[in-house]
Amino acid sequence: MIDEKTIVTLEFDKILETVAGYSFSEKGKERILALRPFSSPAICKSELDKTSEAHYLMYNLGVFPSFSLCDVTESLNRAEKGSMLSMGELLKIADLLHLSDRVKSSILKAEGNFNYLKTYAYDIFPAVSLERDIKDWIISDSEMSDNASPELATIRRNIKRANEKLREKLNSFTTSNEYSKALQDNIVTMRNGRYVLPVKSDSRGAVKGLIHDQSASGQTVYIEPLAIVEMNNELRTLALEEQREIEKILRQLTTRVGMDSKAFLRNFEILTEMDVIFARATYSHEINGVYPELDVDGIIDIKKGRHPLIDKKKVVPITLNLGKKFDILLITGPNTGGKTVTLKMTGLLSLMGMTGFFIPANEGSRVGFYENIFCDIGDEQSIEQNLSTFSSHISNTVDILNRTNKASLLLFDELGAGTDPEEGAALAVAIIDYIKHTGAKAVITTHYSPLKEYSYSTDRVENAGMDFNPQTFAPTYNLIIGIPGTSNALEIAKSLGMKKEIIQAAKKGITREKASFEEVLQSADFARRKAEEEAERCKINADLLQAEKEKLEKEKEALAQTRERLNLSARKEVKRMTQNALEEVNAILEELKNILDNPQEGSYFQAAKLRKKIENLNVEEEREKEAPDTVDDPPQVGDTVFVFTLNTTAVLWEINKNGEYLIKLGGIKTHVRRKDVKKLKNQPAPKKTEQKQAKSMRGLQNAPIVTEIMLLGQTCDEAIYNLEKFLDNCKISGIKEIRIIHGKGTGKLRAAVWEFLNKQQIPSYRLGKYGEGGDGVTIATLK
């Protein structure tokens with residue numbers, strides 16, 4: 001079981017407070033705040049599956065169930081024992097039944113694999129008729145409908161008539177001249193549930209009846225006239241009958257509730273549990289969480305994990321693994337560099353995964369399942385126990401080590417700090433050896449150089465460092481596994497204005513061995529950065545090649561479609577011409593037949609005319625098939641050629657290296673084989689625009705167009721000088737869009753490029769998109 005101290009230290013309680021805000025019911029909020037990591041991997045897996053189902057239901061199918069229900073457990077328990085429920089309690093139970101029916105219906109209608117949610121839905125007990133009767137019979141917490149029973153309706157009609165009769169009688173008193181002088185006011189009021197008249201004290205004898213009350217001043221007495229006593233008695237009797245009928249109906253409804261109270265309690269439990277699940281799913285969506293794999297061997301593999309309590313816009317993703325090649329990770333680096341955040345994030349994401357939450361990381365991330373997560377983070381000084389910071393940390397560490405086993409995750413912040421550095425480092429090494437012996441997993445932050453050296457010579461222990469900007473020494477909050485971090489204390493002090501002689505004196509105070517070790521670390525870090533830059537450059541080139549390949553594939557497909565359209569058009573044209581000729585021949589033959597069937601004077605001349613028409617048709621057909629005069633000279637770009645496969649002339653637009661010609665037919669371009677094309681003997685005079693375009697095409701064939709420049713590995717001055725010459729050439733060539741490859745790195749080269757483009761008044765420029773090179777490339781549009 002995870003300690004409450006760990007829950008608070010890793011701020012898991014704050015996560016739960018946030019999640020509780022997404023719950024609809026008070027009972028759901030209570031359960032969320034009480035959530036703790038589950039006791040077995042199987043339960044954790046099932047809870048993650050429930051969260052996943054709820055997430056898909058809401059954000060893929062658009063089903064957002066409501067769980068706004070009141071806690072009716074006490075009312076249901078009372079109903080089971082036979083205690084009569086009030087109208088308000090019955091209405092709350094009706095709300096539970098209505099919500100149960102809606103949730104059951106919406107989930108069972110959803111298409112998809114929702115094993116857990118549909119199991120919950122099937123277990124919900126329906127009680128539609130009871131819900132309907134409660135809603136129909138009870139209007140509010142204090143009012144029952146006349147339709148609740150025929151007897152109640154009859155009683156209320158009688159009460160209404162009795163009221164009207166009584167008021168009519170009383171009005172005769174208030175409007176009578178005989179009594180008006182004795183009345184304090186010409187109104188009718190009530191005292192003790194009976195109608196009375198306000199009479200002046202000194203005129204009480206004028207109205208015979210029963211005195212029920214007196215005003216505070218004593219000036220008014222409230223008298224029930226004798227003439228209405230029986231009427232009031234009748235009204236009172238009817239009121240008692242009404243109350244008895246209402247209680248009878250309430251008992252009837254309570255009995256029906258009590259008969260199925262256990263089923264309704266189960267409904268309440270199911271809805272409360274689903275409220276918790278859907279709140280978890282909502283929070284998981286808000287943090288862009290993913291379903292984590294849960295590893296029973298305690299292996300952690302967090303890919304670009306983000307601390308969920310840090311602003312999304314500011315948090316730096318961290319990639320971290322533990323348990324595969326090493327079980328203990330030693331993180332070093334400058335203060336405020338992100339070591340403690342990394343430590344807390346590792347423990348917090350593990351707690352979230354073990355409690356059924358998605359984690360804010362990339363797909364494929366994994367967290368371990370642990371019996372215990374122990375942590376020693378922050379200032380543990382105890383004034384009450386008279387313990388120093390070091391003593392308090394050691395006391396906590398002793399307790400942790402006594403309870404550690406193979407299924408534990410340990411998180412230590414600055415292990416061995418707060419005492420003599422040499423002794424503290426030795427103690428830290430001994431503690432790490434013990435942790436390694438237990439087989440537990442651990443993430444430890446430190447500043448001690450001996451621990452960095454220790455990790456290089458110890459199996460299953462690995463170094464890691466928090467990265468920094470090599471120019472400004474500011475932290476980047478990136479974790480680099482495999483290379484320890486450096487404190488950069490002297491460089492930071494120098495950048496903040498520390499006097500040069502003090503820095504030099506401090507350097508002399510560093511031992512030769514330590515300085516040599518730090519130099520080795522710096523050389524390794526420099527080599528790592530160079531390798532990353534080269535890898536980034538290769539990735540950019542690969543992305544560019546892939547994009548170019550995709551572009552060529554699309555162009556090839558488009559050309560194939562164009563060729564197919566042209567061939568189809570040509571076939572349709574031949575078919576149309578053949579059909580027209582056939583129809584004309586058939587018409588002539590029909591006329592000849594009519595002449596032969598009915599010979600008359602002039603029939604010979606008419607037949608001769610039709611024969612001539614057929615000859616002319618044949619001549620036109622032969623003329624259409626006849627190719628114009630051509631020459632065997634190889635055509636050049638811009639020449640007019642005859643295309644035998646299409647039986648038409650066209651302009652040669654481009655000569656490809658693969659042996660194909662690109663020709664232009666009107667506004668359409670298509671590829672044809674070289675053997676199907678011949679140059680016309682008599683070349684028509686081309687239009688000015690075609691001459692200009694053909695000339696441009698010849699130039700493009702002879703001089704390749706360069707639309708990108710590689711600046712990676714250059715200084716800012718070199719890059720700007722080369723970029724300026726490149727822009728001049730592009731403007732002369734009429735190029736409209738260029739690609740500038742500067743890489744990501746520290747961002748300094750990109751900033752210099754953008755500043756230069758701004759000074760040159762380039763209309764627009766932006767970072768590359770996916771397939772263009774991403775943030776390592778700038779796409780600029782020229783005038």
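Two strands pair if DSSP finds at least two bridges between them. Strands (E, at least two residues) and helices (H or I, at least four residues) are DSSP runs, numbered from the N terminus. The model is predicted, so local features need pLDDT of at least 70 and side-chain atom pairs count only at pLDDT 80 or more, whereas totals for chains, interfaces and linings use all residues. Residues are numbered from 1 along each chain as its sequence is written, and side-chain values use heavy atoms, leaving out hydrogens and water.

**Strand pairing**
- Two residues separate β3 and β4 in a hairpin, where the turn residue N192 has a positive phi of about 55°.

**Nonpolar cores**
- A nonpolar core is a set of buried Ala, Val, Leu, Ile, Met, Phe, Trp, Tyr and Cys residues joined through side-chain atoms within 4.5 Å.
- The largest has 48 residues, and L117, I138, M144, V257 and M274 have the most contacts inside it.
- Elements giving two or more residues to this core include α4 (41-59), α11 (229-259) and α12 (261-286); α6 gives the most, with 10 residues.

**Cysteines**
- The whole structure has zero disulfides (pairs of cysteine sulfur atoms within 2.5 Å).
- C44 counts as buried because its relative accessibility is 0%.

Key:
Buried < 20%, exposed > 50% of the residue type's maximum accessible area, 1.4 Å probe, protein only.
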